[in-house]
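Biologist: Could you take me through this chain? I would like to begin with the overall fold and then turn to single residues.

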Amino acid sequence: MQFTTVQELVTLCEEHHLPVWDLMIAQEIELMERTREEILEDMSHKVDVMYASIAQGEAGVTSYSGISGGDAKRMRAYIDQGRGLSGDFLLEAVAAALAVNEVNASMGIICATPTAGSAGVVPGVLFSCSRRLQLSREDQVHYLLTAGAFGLCIGNQAPIAGATGGCQAEVGSASAMAAAALVAVAGGTPAMSAEALAMAMKNILGLVCDPVAGLVEVPCIKRNAMGVSNAISAAEMALAGITSHIPADQVIATMGRVGRSMPAAHRETALGGLATTPAGRAIAEKLNAQKADLIEER
């Protein structure tokens, strides 16, 4: 029961009356020659890594460059003060997403989902929905397997790296994966998960990858916060019965075409977008000067 596209995945789930996560395990067993127990244990370990990075980031970290850090801690304090406007479900996901990517920028341990630059989205939604839905560890593992199944369908049809497809390929894919997985653990059908994926990815089509000073910090970290917001909105729409109109696989294919048509300046080269603003250039010049001073001291 192998699948390569979203439509194949949904069809197999419907034909065999299986949830997405169970089909993902079956494919992993067949292709990777791993046991069911090994797969579940590996995914449970990934949950632990994600939660550890969230806790570390919310406690406060600073990147080696010094240009990012502490925002997850600030967000956590804002939530704890009860000042939020959009509700704890969304804000908890935002804080967790910021935390993971700040840990990444500080050279800490994270779980790339699907990339390091977009690593906050899937765990951010997982952290928040686990609290809201009171998910068991088994449910949390199923969430990751579901996200992985839909991520596999995306990667089979389009690039997921910013260097080849822009930020739409990284945060866009992560947001789509998280949306699909959230629908599943909230009781939606595989077809609803596919609709959530399509809507989440449509919302980020064309997003460029423009890291200031070539570092995965500005604007990357805050784009993960946007990614969880998009994922939650898309999941809510799908659970309400709203559809994309453009099927998920066609949206994925479009994302690939858009990515390939982007100029190199907008694909992780730091030669375009926010990286070329006066503020962005000033940050780069400051970091280059600091690097030169360190080299001279040595």
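Modeller: One definition first: helices here are DSSP runs of at least four residues, numbered from the N terminus. Please note also that this is a predicted model.

Biologist: How many helices and strands does the chain have?

Modeller: The chain has 13 helices and zero strands.

Biologist: What is the radius of gyration, and what would a compact globule have?

Modeller: The chain has a radius of gyration of 19 Å, which agrees with the value near 19 Å for a compact globule of 298 residues. The C-alpha atoms fill a box of roughly 65 × 45 × 40 Å along the principal axes.

Biologist: What share of the residues is buried?

Modeller: Buried residues account for 51% of the 298. Of the contacts between residues at least 6 apart in sequence, 73% join residues at least 24 apart.

Biologist: Turning to serine 44, is it buried or exposed?

Modeller: Serine 44 counts as buried, because its relative accessibility is 19% and the cut-off for buried is under 20%. Serine 44 sits in helix H3, residues 36-59.

Biologist: Which residues is serine 44 in contact with, leaving aside neighbours within four places in sequence?

Modeller: Serine 44 is in contact with Arg137 and Val141.

Biologist: Where are proline 114 and proline 219 found?

Modeller: Proline 114 is in the loop between helix H5 (88-105) and helix H6 (121-133). Proline 219 is in the loop between helix H10 (190-203) and helix H11 (220-239).

Biologist: What is phi of glutamate 33, and of histidine 245?

Modeller: Phi is near 55° for glutamate 33 and near 75° for histidine 245. Most residues other than glycine have a negative phi.

Biologist: Are those two buried or exposed?

Modeller: Glutamate 33 is exposed because its relative accessible area is 71%, and histidine 245 counts as exposed at 73%. Glutamate 33 lies in the loop between helix H2 (20-32) and H3, whereas histidine 245 lies in the loop between H11 and helix H12 (248-261).

Terms used: Residues numbered from 1 in each chain as written. Predicted model: local features only at pLDDT ≥ 70, side-chain atom pairs only at ≥ 80, totals over all residues. Heavy atoms only, no water. Helix = DSSP H or I, 4+ residues; strand = E, 2+ residues; numbered from the N terminus. Rg over C-alpha atoms; globule rule 2.2 N^0.38 Å. Buried < 20%, exposed > 50% of the residue type's maximum accessible area, 1.4 Å probe, protein only. Contact = heavy atoms within 4.5 Å.
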